[in-house]
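Please keep the sequence and the model in view while reading.

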Amino acid sequence: FDDRDGWIWFDGKLVPWREANVHILTHAMHYASSVFEGQRAYNGVIFRLNDHSERLRRSASILGFDLPWSAEQISDACNEVLKANGLTDAYVRPIAWRGSEQMGVSAQKTKPHLAIAAWEWGKYFDPSIAERGIRLDISPWRRPAPYTAPTQSKAAGLYMICTMAKHAAEDRGYNDALMFDWRGQVAEATGANAFFIRDNKLYTPTPDCFLNGITRRTVMGLAEKRGIEVIERAIWPEELESFQQFFLTGSAAEVTFVQSAGPWNFEVGELSRQLSRDYDDLVNGRAVNN
Ligand code: PMP
């Protein structure tokens, strides 16, 4: 992914893609002191850009480093990267980290750094599979408690278990994995939030130990606009067999239908399709038809 043409915004300047490098003694490499974002541009407009820029700043401050760039400056830089790379429909990846100014667990003297890359990224899941719904394995890894890890930060360190869960699922022939939390409650997939439908009502777990995704909140708003009741509460695995539909939400995953999760099967139903269309309309700047 590093050997290609293009421009990456790096601490305030655009640098050639191949030269956007960091030193091996970067604190983030050793101690996971990095946070990132992921957002999509549709027709040249990055969806809910300011929310992503603000979350990046918040994620860093939860880890104890404040970014010297305002949300507005970060947003401007994201737009600059799109433009410099001639992209209109793309995925944008800002990342902030503690640098190589100091080595050791204590990192008080490190400087915060920020880089932003963007590239074309089609659907998160193969569209031919996505239409029928993806198949989820049940992850052996559980989302940690909020007193065990900074669960409200989009911190790179939290993705260690996501990559392990995703690889374990892929090795067993699944597309992704559903993760439970430390209590055993249903949490989310490895990079997207979970929604269930039963009798035309939407159910989603309370995001008290995983990200309250920007797409999640967007889809809850779209459902409410359609008069659909949205219920946010603890969901235990025992309840999964009673749900008829299941989909995931995320900036990269958008609205992704789920066909099965472990032993539980779901249908790709009308309400899931409707919310997926509503989301597409919204991100593409079209009026959502009621
Ligand atoms: N959970 C995880 C673990 C994620 O990586 C993401 C993607 N950022 C989400 C949820 C969904 O967040 P959002 O809708 O803000 O992209």
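## Conventions and a position in α1

Helices (H or I, at least four residues) and strands (E, at least two) are DSSP runs, numbered from the N terminus. The model is a predicted one, in which local features need pLDDT of at least 70 and side-chain atom pairs count only at pLDDT 80 or more, while totals for chains, interfaces and linings use all residues. Residues are numbered from 1 along each chain as its sequence is written.

Helix α1 (residues 27-31) contains Met-29. A residue counts as buried if 20 or more other C-beta atoms lie within 10 Å of its own, as exposed if 12 or fewer, and as partly exposed in between, with C-beta atoms placed from the backbone; Met-29, with 15 other C-beta atoms within 10 Å, is therefore partly exposed. Although 70 residues separate Met-29 from Gly-99 in sequence, their C-alpha atoms are 9.1 Å apart in space.

## Two domains

The domain assignment, whose bounds come from an automatic or database source, divides the chain into domain 1 (7-119) and domain 2 (127-283). Their C-alpha centres lie 26 Å apart, and the contact (C-beta atoms, placed from the backbone, within 7 Å) takes 18 residues from domain 1 and eleven residues from domain 2.

On the side of domain 1 that touches domain 2, β3 (34-36), β4 and α2 (49-62) are the elements that give two or more residues, and α2 gives the most, with five residues.

## The ligand shell

Around the ligand there are 15 residues, the closest being Gly-213, Ile-214, Thr-215, Gly-250 and Ser-251; a residue is near the ligand if its C-beta atom, placed from the backbone, lies within 6 Å of it. Both α6 and β14 supply at least two residues of this shell, and α6 provides the largest share, three residues.

## Helix α7

Helix α7 (residues 270-283) has 14 residues and reaches 20 Å from its first C-alpha to its last, close to the 20 Å expected, where the expected span is 1.5 Å times one less than the number of residues. Ser-272, Leu-275, Ser-276, Asp-278 and Val-283 are buried in α7. Seen down the helix axis, the buried residues of α7 fall within an arc of 160 degrees (taken from the directions from the axis to the C-beta atoms), so they line one face of the helix.

The cover over these buried residues includes β4 (39-42), β11 (193-198), α6 (214-225), β14 (245-250) and β15 (254-261). Just after α7, Gly-285 takes a positive phi of about 75 degrees.

Technical notes:
Two residues are in contact if their C-beta atoms, placed from the backbone, lie within 7 Å.
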